[in-house]
Amino acid sequence: MYRPGVIVLQCGADSLAGDRLGCFNLSIDGHAECVRFVKKFNLPLLVTGGGGYTKENVARCWTVETGVLLDTELPNEIPDNEYIKYFSPDHLLRIPNGHMENLNTKSYLSTIKTQVLENLRFIQHAPGVQMQEVPPDFYIPDFDEDEQNPDERMDRHTQDKQIQRDDEYYEGDNDNDHDMDDA
């Protein structure tokens, strides 16, 4: 029912196995598979970073996901660079999976998926909003009093746009618009 025109995908890497604060157990390939799945919708896609508290693994994850977005398979060996010491001892892009036992049964995950999809059926879709030009009353044109025809009458709204407060613009030492070279 809901058909977005664009997707913003925030890829927080705190769900990776071994994250200092996260308590999940995703592999980098599993994380990247989520990006691959969303990319298949073939909609304009803005991908951003997000959480992740083991910086080396965050860098690995976002590198693999950038490869997914560019349809480029990256080698597992990280090439020599000035930051290579952060990826010791193996210097590999993909890290071993976590050692947490997966307590989620297929039946449990299927039940959650069914419930989420059922809940989504009852949510009204967001209305589409067309892009529009900025309304003209936000545009305040410059008026040159000498070029105005005194025989043409202006409406009150246009006249009000031309009024300047006496204390708004001034010359002298307190003028913030003067050149510092003139001081």
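Analyst: Happy to. The largest pocket has a volume of about 300 Å³. Its lining is made up of 13 residues, and the closest to the pocket centre are F24, N25, L26, N102 and N104. By type, the lining of this pocket divides into five nonpolar residues, seven polar ones and one charged. Please keep in mind that this is a predicted model.

Now to the strands and the helix that links them. Strand 1, residues 7–10, pairs with strand 2, residues 45–48, in the parallel sense, and the pairing runs over four bridges. Within that pairing, L9 stands opposite V47 of strand 2.

Next come the aromatic rings. A search of the whole structure finds two aromatic pairs. In the pair made by F37 and F41, the ring centres are 5.4 Å apart and the planes stand at 80°, so the pair is edge-to-face; the cut-off for that class is over 60 degrees. The two partners fall into separate accessibility classes: F37 counts as exposed at 54% relative accessibility, while F41 counts as partly exposed at 47%.

Finally, a few backbone details may interest you. In general, most residues other than glycine have a negative phi, and most peptide bonds are trans. N42 has a positive phi of about 60° although it is not a glycine. N42 is found in the loop between helix 1 and strand 2, and with 71% relative accessibility it counts as exposed. H91 also shows a positive phi of about 60° without being a glycine. This histidine lies in the loop between helix 2 and helix 3, and H91 is partly exposed, with a relative accessible area of 27%. The loop between helix 2 (55–69) and helix 3 (106–121) holds P89 as well. The peptide bond leading from S88 into P89 is cis, with omega near 0°.

Technical notes
Residues are numbered from 1 along each chain as its sequence is written. This is a predicted model: local features need pLDDT of at least 70, side-chain atom pairs count only at pLDDT 80 or more; totals for chains, interfaces and linings use all residues. Side-chain values use heavy atoms; hydrogens and water are left out. Two strands pair if DSSP finds at least two bridges between them. Helices (H or I, at least four residues) and strands (E, at least two) are DSSP runs, numbered from the N terminus. On a 1 Å grid over the protein atoms alone, a cavity is a set of points where a 1.4 Å probe fits but cannot get out, and a pocket is an open set with protein on both sides within 12 Å along at least five of seven lines; lining residues have an atom within 4 Å of a point. Grid points are joined across faces, edges and corners, and a volume is the space filled by probe spheres set on the points. Ala, Val, Leu, Ile, Met, Phe, Trp, Tyr, Cys and Pro count as nonpolar, Asp, Glu, Lys and Arg as charged, and the others, Gly among them, as polar. Rings of Phe, Tyr and Trp (its six-membered ring) pair if their centres lie within 6.5 Å; planes under 30 degrees apart count as stacked, over 60 as edge-to-face and the rest as tilted. Buried means under 20% relative accessible area, exposed over 50%, partly exposed in between (1.4 Å probe, protein chains only).
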